[in-house]
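Subject: Structure handover

Hello,

Here is the structure I promised to pass on. Please open it first, then read my notes below.

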Amino acid sequence: MDKKIPRILNCEAVNCAYNSQNMCRALAVSITDFGCPVCDTNRRSTTKGRMAAILAKVGICNSIDCRYNNLLQCTASGIKVGVHLNHADCLTFTHAG
């Protein structure tokens, strides 16, 4: 199966350990559904875990009400992450249906 794994196009969670110049530098992120599509990889820390050459991808999407979710995999061409109510959310989330 030739499937492209969506990249994180930009990230506004600037306090995250993986954020460098509004780009996510984690290997992959996990989106979890806690009433909204939370970026569960977001970590506030003074220790930076980012790798400059890495551009993160979506590893897992547990936000089953999203139109881009297909069997817990993201099918969007890429996602944007932003801050919502003091936590990081997938801004590309669109309700299915």
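A contact here means heavy atoms within 4.5 Å. On that basis, residues 24 or more positions apart account for 66% of the protein's contacts with a separation of 6 or more. Please keep in mind that this is a predicted model.

Now the overall fold. The protein has 0 helices and 10 strands. Its radius of gyration is 13 Å, close to the 13 Å that the globule rule gives for 97 residues, so the protein is as compact as a globular protein of that length. The C-alpha trace spans about 40 × 35 × 15 Å along its principal axes. Of the 97 residues, 39% are buried.

Next, the core. The largest nonpolar core holds 18 residues. Ile8, Val29, Ile31, Ile79 and Val81 touch the most other members. Two or more residues each come from strands E1 (7–11), E4 (28–33), E6 (57–61), E9 (78–84) and E10 (87–90). Ile8 has contacts beyond its neighbours within four places in sequence, including Met23, Val29, Ala56, Ile79 and Val81.

Then there is Cys16, in the loop between E1 and strand E2 (19–20). Is Cys16 buried or exposed? Cys16 counts as buried because its relative accessibility is 6%, and the cut-off for buried is under 20%. Leaving aside neighbours within four places in sequence, Cys16 contacts Thr41, Asn42, Arg43 and Lys48.

Last, the surface and charges. The accessible surface comes to about 6,100 Å², with 53% belonging to carbon and sulfur atoms. There are 11 positive and 6 negative side chains, and the centres of the two sets lie 11 Å apart.

Best wishes

Notes
Residues numbered from 1 in each chain as written. Predicted model: local features only at pLDDT ≥ 70, side-chain atom pairs only at ≥ 80, totals over all residues. Heavy atoms only, no water. Core = buried A, V, L, I, M, F, W, Y, C linked by side-chain atoms within 4.5 Å. Buried < 20%, exposed > 50% of the residue type's maximum accessible area, 1.4 Å probe, protein only. Helix = DSSP H or I, 4+ residues; strand = E, 2+ residues; numbered from the N terminus. Rg over C-alpha atoms; globule rule 2.2 N^0.38 Å. Areas by Shrake-Rupley, 256 points an atom, 1.4 Å probe, with all protein chains shown as cover. Lys, Arg positive; Asp, Glu negative; His and termini not counted. Charge placed at Lys NZ, Arg CZ, Asp CG, Glu CD.
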